[in-house]
There are 2 protein chains.
Amino acid sequence: MPEKVRIALDAMGGDHGPAVVIPGAALAQSRHPDTEFIFFGASSAIEGVLASYPQLKAVSRVVHADIAIKMDDKPSQALRYGRGKSSMWLAIDAVKNGQADVAVSAGNTGALMAMAKINLRTMAGIERPAIAAIWPTLRGESVVLDLGASIGADAQHLIDMAVMGSAMARILLNIDRPSVGLLNIGVEEIKGLDEVREAGQILRERELPHLRYAGFVEGDDIGKGTVDVVVTEGFAGNIALKAAEGTARQIAGYLKAAMRETIWTRIGYLFARGAFRKLAAKIDPGRANGGVFVGLNGIVIKSHGGADANGFSAAVDIGYQMVRNDLKAKIGQALVPEARVVADAPVAGAIS
Amino acid sequence: MPEKVRIALDAMGGDHGPAVVIPGAALAQSRHPDTEFIFFGASSAIEGVLASYPQLKAVSRVVHADIAIKMDDKPSQALRYGRGKSSMWLAIDAVKNGQADVAVSAGNTGALMAMAKINLRTMAGIERPAIAAIWPTLRGESVVLDLGASIGADAQHLIDMAVMGSAMARILLNIDRPSVGLLNIGVEEIKGLDEVREAGQILRERELPHLRYAGFVEGDDIGKGTVDVVVTEGFAGNIALKAAEGTARQIAGYLKAAMRETIWTRIGYLFARGAFRKLAAKIDPGRANGGVFVGLNGIVIKSHGGADANGFSAAVDIGYQMVRNDLKAKIGQALVPEARVVADAPVAGAIS
């Protein structure tokens with residue numbers, strides 16, 4: 001465990017670049033004084049903003065990068081012009097070569113995942129990385145993965161995600177055996193995809209350490225917080241996340257319109273203003289900002305591209321927590337031979 | 001077009017049976033006097049409730065059925081004991097043999113789809129039925145399908161759903177060429193599943209009548225109302241629907257708690273009460289109740305099992321609308337040879 005958590009930031013990522021990344025880092029640093037930062041990107045732009053944050057500046061280093069990855073480029077394009085020299089690549093590279101413990105970027109998700117895979121590679125015993133998010137629920141928070149790193153998943157991928165997601169949930173929820181559900185349609189054992197059924201059977205029959213398999217869950221169980229970890233393949237996971245975000249924004253829109261409707265509702269709003277502000281924060285999809293790339297030899301956090309400084313600081317906080325509580329070691333602890341679909345296959349040194 | 005719309009109701013379906021189905025039918029009948037009803041189920045229970053609704057009773061017929069399908073049985077079980085004699089089967093059968101124009105049930109979705117498929121069969125030119133729903137959006141309403149009739153979909157199935165969904169949207173939105181989007185992750189053409197890409201290419205290149213292809217959409221576009229029709233395979237569609245419903249319920253929970261927080265918020269609530277009631281109706285997932293089974297030789301509507309009389313009446317309304325505006329003919333109009341993946345294959349008399 002390092003004394004300081006060293007955070008590499010892609011200063012050019014996201015819709016706003018240094019104007020959001022640096023104030024966001026400053027907010028995170030005020031909550032976690034045991035942090036150090038390396039900013040990658042256009043040094044003049046970074047130095048310009050950093051000058052207004054002397055406390056942050058004192059624990060930061062700036063590394064110039066000429067190239068910024070564009071938000072809409074395809075991963076293959078981004079790799080062609082950004083490999084080895086973009087701010088995004090260099091932030092990930094800092095994790096690889098041990099200069100940083102975690103990299104955070106609000107940039108292009110596809111490019112970030114492609115660069116992270118190529119540069120960090122998957123952990124021994126894990127075939128594919130996944131994107132995990134912290135989902136606010138009626139009971140607190142749950143971990144949901146995969147949100148779009150891959151499309152489709154076989155039983156082994158789903159079990160790997162159960163292992164990785166439960167490691168994340170142990171850190172977030174501070175419990176030893178988080179409950180894990182497989183996302184499906186209909187809770188009857190008969191329904192759903194073959195891979196999901198196979199993964200469910202294996203998780204039920206073999207007692208994996210550090211997780212408790214709780215069966216199938218449906219889309220509405222995510223918001224209820226029925227389980228601590230929800231596992232699904234990336235297509236459905238991404239659509240679930242965005243459908244939920246869309247619904248939250250939709251209802252916030254209705255609520256605003258309803259409160260402006262008559263003089264009485266306006267008066268009502270004045271009285272209940274504080275509660276409305278808390279509510280708005282609660283249903284803000286940016287609040288739990290920060291997708292965690294799990295399954296790689298190094299931790300990478302993806303912030304929403306449109307996040308403001310507060311949102312970006314939440315992503316930095318998540319990175320900090322994952323390092324301080326040693327996510328990689330916790331994944332290793334759960335990655336036992338019983339977690340293999342073919343039980344006798346070697347786990348290739350995955351147990352740390 | 002029949003003078004009256006004849007509606008077959010599975011009186012035993014749903015969590016409440018005749019106690020909800022009959023008052024629901026009465027509400028629908030008060031809005032649409034040009035309707036007639038056939039109730040299938042335990043005749044004594046039905047007659048008992050129907051006695052309180054003389055206006056409805058005057059246009060209704062009761063057909064006794066000993067057997068009611070249980071909500072949690074697997075489709076195969078339900079078929080074993082319910083085929084040919086359950087209230088659910090008989091309601092569908094009334095559509096098949098021309099005694100009714102539409103069947104509505106709040107029963108077991110899997111059993112209803114299995115019985116509808118076996119008894120009504122798919123329309124000529126359509127390989128698979130789908131479940132379509134009306135989704136409230138910030139712009140009004142959209143049609144979303146498939147919500148779980150099948151898992152997975154090839155390009156042809158997706159195109160068929162574009163055709164069927166746009167026929168439904170023409171009725172609901174009263175426009176001639178509804179816009180259609182394919183649900184995907186990321187709007188770039190490069191991303192997503194092969195089948196989705198292939199369907200997108202075909203829809204873009206061939207100009208189908210009565211629909212306007214608008215490209216890929218993401219999960220958050222559903223609630224925005226970006227397109228009139230959202231097409232996806234049933235696993236992701238079911239999860240999107242339930243994730244959105246879960247989020248709506250979650251936010252309603254937060255809102256209630258927020259309004260009870262202090263004396264000021266309670267006072268605020270009193271002033272804004274009317275707006276809150278309207279809001280609650282708007283975010284009630286039951287409001288747009290009624291999944292439409294499309295692609296069969298007959299219209300079947302699935303109501304939520306937990307719907308109250310109001311919710312059930314909404315499902316009956318949708319059935320009424322689909323019959324009055326001739327959903328089947330509208331699907332036929334759009335089912336041109338250009339809607340085939342292999343363009344030269346015959347459409348087997350699908351064009352009406």
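How many residues of chain A are in contact with chain B? The answer is 52, and they meet 52 residues of chain B; residues are in contact if their C-beta atoms, placed from the backbone, lie within 7 Å. This is a predicted model, in which local features need pLDDT of at least 70, side-chain atom pairs count only at pLDDT 80 or more, and totals for chains, interfaces and linings use all residues. Residues are numbered from 1 along each chain as its sequence is written, with chains lettered from A and ligands numbered from 1 in the order in which they are written.

**View 1. The side of chain A that touches chain B.** Helices α9 (219-224), α10 (234-259) and α11 (263-283) of chain A each supply at least two residues here (helices are DSSP runs of H or I, at least four residues, numbered from the N terminus). The most come from α10(A), with 21 residues. By class, this side has 28 nonpolar, twelve polar and twelve charged residues (Ala, Val, Leu, Ile, Met, Phe, Trp, Tyr, Cys and Pro count as nonpolar, Asp, Glu, Lys and Arg as charged, the others, Gly among them, as polar).

**View 2. The axis relating chain A and chain B.** A 180° rotation with 0.0 Å of shift along its axis superposes chain A on chain B, RMSD 0.1 Å (least squares on C-alpha atoms of residues with pLDDT of at least 70 in both copies). That is the relation of a two-fold axis. In chain A, Gly268(A) has the C-alpha nearest the axis, 1.8 Å from it.

Notes: Contact = placed C-beta atoms within 7 Å.
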